[in-house]
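Biologist: Hey, I've just opened this one and I'm new to it. Can you walk me through what we're looking at?

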Amino acid sequence: MNTPHYFIAIPVAANVKEEFARWQEELKTFVSYKQWPWKEDLHITLKFLGAVEEERIIQLQEVLRTISKQNQFSISVGGIGTFGRHNSPRVLWAGVEKTEPLEILFKQIEDAVTSIGFPKETRPYTPHITLAKKWNGNDVGPEKLKEIKEHYQELTFPMNVDSFVLYQIFPSKRPKYEVVELYKL
């Protein structure tokens, strides 16, 4: 049997999910991706954990409960960015304002999970909301992609962050992320 995969993330507010689902429909006419996440699956990743044995989940939940004492905060989300090659980017995402409270929450989670043996993240934290992934088309050309990014650049929304979540991944389900535990701030 395969070991279930998990990650820790901030859930996206319902009104923002609706807006980004509308963006996804618009963007599908300009760019070609294999995967367009369901609006219910939209999130801001704080820590990808990968495969986690069942007996470690209880320990993980306990350590996450110790850091949920931070105050709620607001961030701005929106604009479009990409990861990967300019003409065929592997990920298309909506931006997330990298505020001090978000950085603190990320660091607290990183410290907590590494204290119980999970590997430390080596890449800089780049908060985002994945709108599409796995490029599936012809090159869009840097000019077209620049035009798309410019169109969405000023479209941002405030979002209150009042919790984070431990999710389990179910690759064959739709939506494919299920809440294991929600941690209120």
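Predicted model: local features only at pLDDT ≥ 70, side-chain atom pairs only at ≥ 80, totals over all residues.

Biologist: Okay, how many helices and strands does the protein chain have?
Modeller: There are four helices and nine strands in the protein chain.

Biologist: And in what order do the elements run from the N terminus?
Modeller: Starting at the N terminus, you get β-α-β-β-α-β-β-α-β-α-β-β-β.

Biologist: What about the radius of gyration of the protein chain, and what would a compact globule have?
Modeller: A compact globule of 185 residues would come out near 16 Å, and the protein chain has 17 Å, so the two agree.

Biologist: What share of the residues count as buried?
Modeller: That's 48% of the 185 residues. As for the accessible surface, the protein chain has about 10100 Å² of it, and 51% of that belongs to carbon and sulfur atoms.

Biologist: Which share of the contacts comes from residues 24 or more positions apart?
Modeller: Taking contacts with a separation of 6 or more, 79% are between residues 24 or more positions apart.

Biologist: Switching to charges: how many positive and negative side chains are there?
Modeller: The protein chain carries 24 positive and 24 negative ones, and the centres of the two sets are 4 Å apart.

Biologist: Let's zoom in. Where is threonine 82 found?
Modeller: Threonine 82 sits in strand 4, which covers residues 73-84.

Biologist: Why does threonine 82 count as buried?
Modeller: Because its relative accessibility is 16%, and the cut-off for buried is under 20%.

Biologist: So what does threonine 82 touch?
Modeller: Skipping residues up to four places away in sequence, threonine 82 touches Pro89, Val91, Leu92, Trp93, Leu145 and Lys149. With lysine 149 there's also a polar contact, side chain to side chain, at 3.1 Å.

Biologist: And how are threonine 82 and lysine 34 separated?
Modeller: Along the chain they're 48 residues apart, and their C-alpha atoms are separated by 15 Å.

Biologist: New topic, glutamate 110. Is it buried or exposed?
Modeller: Glutamate 110 is buried, with a relative accessible area of 3%. You'll find glutamate 110 in helix 3, residues 100-115.

Biologist: Which residues is glutamate 110 in contact with?
Modeller: Leaving out neighbours within four places in sequence, glutamate 110 contacts Lys47, Pro119, Lys120 and Glu121.

Methods: Residues numbered from 1 in each chain as written. Heavy atoms only, no water. Helix = DSSP H or I, 4+ residues; strand = E, 2+ residues; numbered from the N terminus. Rg over C-alpha atoms; globule rule 2.2 N^0.38 Å. Buried < 20%, exposed > 50% of the residue type's maximum accessible area, 1.4 Å probe, protein only. Contact = heavy atoms within 4.5 Å. Areas by Shrake-Rupley, 256 points an atom, 1.4 Å probe, with all protein chains shown as cover. Lys, Arg positive; Asp, Glu negative; His and termini not counted. Charge placed at Lys NZ, Arg CZ, Asp CG, Glu CD. Polar contact = N/O pair within 3.5 Å; in protein donor to acceptor, adjacent residues only side chain to side chain.
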